[in-house]
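Look at the structure first, then read on.

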2 protein chains.
Amino acid sequence: MKINNIDNFKNKIILGDCLDKLKKIPSKSIDLIFADPPYFMQTGSGILYRIDGNKYNGVNDDWDKFNSYKEYDNFTKKWLNQCRRILKDNGSIWVMGTFHNIYRLGFIIQNLKFWVINDLTWEKTNPTPNFRGTKFVNSNENLIWFVKSKNSKFTFNYKTMKNLNENKQMGSVWRFSVCSGKERLKDNKGNKLHNTQKPEELLKRIILSSTKKNDIILDPFFGTGTTGAVAKKLHRNFIGIENNEKYVKYAQERIDKIEIILNDDYPLIDQVNAIFDKKVKYPKIIDLIKENKIKTKYLYNSRKEKVFLNLEGRIEVNKNEYSIHKATELFENGRYLNGWKYWYIKEKENYILIDDIRKENK
Amino acid sequence: MKINNIDNFKNKIILGDCLDKLKKIPSKSIDLIFADPPYFMQTGSGILYRIDGNKYNGVNDDWDKFNSYKEYDNFTKKWLNQCRRILKDNGSIWVMGTFHNIYRLGFIIQNLKFWVINDLTWEKTNPTPNFRGTKFVNSNENLIWFVKSKNSKFTFNYKTMKNLNENKQMGSVWRFSVCSGKERLKDNKGNKLHNTQKPEELLKRIILSSTKKNDIILDPFFGTGTTGAVAKKLHRNFIGIENNEKYVKYAQERIDKIEIILNDDYPLIDQVNAIFDKKVKYPKIIDLIKENKIKTKYLYNSRKEKVFLNLEGRIEVNKNEYSIHKATELFENGRYLNGWKYWYIKEKENYILIDDIRKENK
DNA sequence: CGGGGAGATGAATCCTATT
DNA sequence: GAATAGGATTCATCTCCCC
């Protein structure tokens, strides 16, 4: 086995510096990267500050601010370039942040020629109120979903997400509460372990929408391991990178505790996933003719206009041949419609949509 | 009077290039700038079809075309620098965009040492669906509210916004529909005048939250003049800059038509509601009966013909039930009339039109 | 101007495999 | 690489018409 085979990293938490450890990951080996990077501010001592209320006081005179943006941008470019290298060509990356860093992220993402698919808003139903009434309550965090290039054939489990959303297309604004209660990890003194632990609901949506079962998901800022926990629950593989030994310990415990089968939070979601995103193979019209499922020589539209269907499954009009789809243009003034849902056969006195015949014989 | 006195620009639409005209505005003269710049959408050259086969008519205007991010960024820097110059030290700027441009805006805003107050999300309740099921529905646009420096004493009308939000602190995610219907301006052929007209609700929140009465509000991408219209309705002054002659003409007409009805004797919030929430909800007849506003069992028409009104708000004639409207047909030889304006109740010896009762109880 | 139904429409980086 | 065929895909809102 090669030392750098991706299998060596699967479902492990790697303790160490994000950039150092990213460089160890083989190229084009990852299906999804989720990154919740820190809000980095250079204070002279090089302290990393997470986005957490007003904790970044004291580093905001103009010069420091600009200087720290520069540092932050450089750091961002470095880990994003590593992400580009290790991501499969059709893989996806999700990042999240607030106004403090999301514009830095988005700008650099676009400059590195990544291709943005969606920008999303997580609306927190229970944000910290603005006690002094000085501005609007900061009730959103922002997500960017992007891929390596415009031509990427990324995964999007459309029907799964629709199904999760009362059977309507899921939009780009997600509304649920911040992580609290039992889900929130505590240290052995009973204090919250991490300031910005992400809710599993968030990772559930990300992973369900843009990965397939058994995909490999990497999180370079693993923290308390929400990404790993949800990946395991959804039968995906994870790789975590985290610099803080304490977080690694608790994250490992958290993930080890999860039993993959029959979890109450995610009952049979993989089966749902499989059911809803399964592509159905339909027979072609020529097959239906050959198998004698369509015996009639003529097709009709809803206005009972009649066309001739030949043995090759082509519609003949004025000595020209058209596909069943293309023929709709002729009869609908250039509107291009799905021919399967447009043409009927006549059986005795009944008109039957050819799509219904197709579905009976799939 | 100085040639460049700001009073010369007040409540005028300036036809011409955004940058040229911004340069004419005196320094530190503006209280609020709202900027809805081109988004640089980069749509493909293909036609996007709706599911019913019709074409989707999206933004394909010349004003949204740029050759590169670099060109877009340079343009952005230039107009933002002019904005910094003309804005009062305690003034506010709001910009908006989607993922196509919002990271460019935010990044440049931060690099130019502006100070961000809030990032906000406008969640559209009726966005264009994703016809192909290729990604999450783009249902949000993004806003950035920022000021000239961290020390700015900007305006934030906290209580007004709280009052507008059922007396809860207003958050950074706003939910309302896109501009359509009567609010949407049409050209003289009946087509939509502008591809991206913004709803008045949006400007209402921006102007109410971060300006005072009689403030001067400048919009460098004036378009159809939503900013001017709402400014006028709320007793603020506007200055619009717009390059397209047609838009200017229609915007001027739109603004001229507005009657200012603010009155100092009434609480602002009531007036705001009166101005913007033009739709009056009338009670239904069943509600009036339930609330005992209509106590009588009989209704009369102008010929004093009597009918029985049951507890479900239906008129009974010859063992048949009719709506109050449908019942007019019976009594008017098939002429269909508005029942509210046809039927009376009898109170002592007075006949009272049920429409009057309804209006008293709206 | 009630109520039901048909039709229109909105800032969109909106498909894919085969020949 | 371009052209073609096959096949999958929509939600809230507003206006207008009719009864």
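The text below goes from the sheet to its helices. The model is predicted.

**The sheet**

Chain A holds an open sheet of eight strands. Their order is β1-β10-β9-β2-β5-β7-β6-β8, and the pairing is mixed. β1 and β8 of chain A stand at the edges with a single partner strand each, so one side of each has no neighbour in the sheet. From one strand to the next, the twist averages 20°.

Now take one pair of strands. β2 and β5 of chain A run parallel, and five bridges join them. A:Ile33 has its bridge partner in β5(A): A:Ile93.

**The helices**

Two helices of chain A meet these strands. Helix α5 packs on the sheet and touches β2, β5, β6, β7, β8 and β9 of chain A. Helix α3 lies across β5, β6 and β7 of chain A.

| Helix | Residues | Angle to a strand |
|---|---|---|
| α3 (chain A) | residues 102–111 | about 10° to β7(A) |
| α5 (chain A) | residues 200–210 | about 155° with β2(A) |

**A closer look at α3**

How many of the ten residues of α3(A) are buried? Nine are, and the helix is mostly covered. Among the buried residues of α3(A) are A:Ile102, A:Leu105, A:Phe107, A:Ile108 and A:Ile109. A:Arg104 and A:Gln110 are buried as well. In an α-helix, residues three or four places apart point the same way, because there are 3.6 residues a turn. After α3(A) comes A:Lys113, with a positive phi near 65°.

Methods
Residues numbered from 1 in each chain as written. Chains lettered and ligands numbered in written order. Predicted model: local features only at pLDDT ≥ 70, side-chain atom pairs only at ≥ 80, totals over all residues. Pairing = 2+ DSSP bridges. Helix = DSSP H or I, 4+ residues; strand = E, 2+ residues; numbered from the N terminus. Axes fitted to C-alpha atoms, helices over the stretch in contact; angles between N-to-C directions. Contact = placed C-beta atoms within 7 Å. Buried ≥ 20, exposed ≤ 12 C-beta atoms within 10 Å, placed from the backbone.
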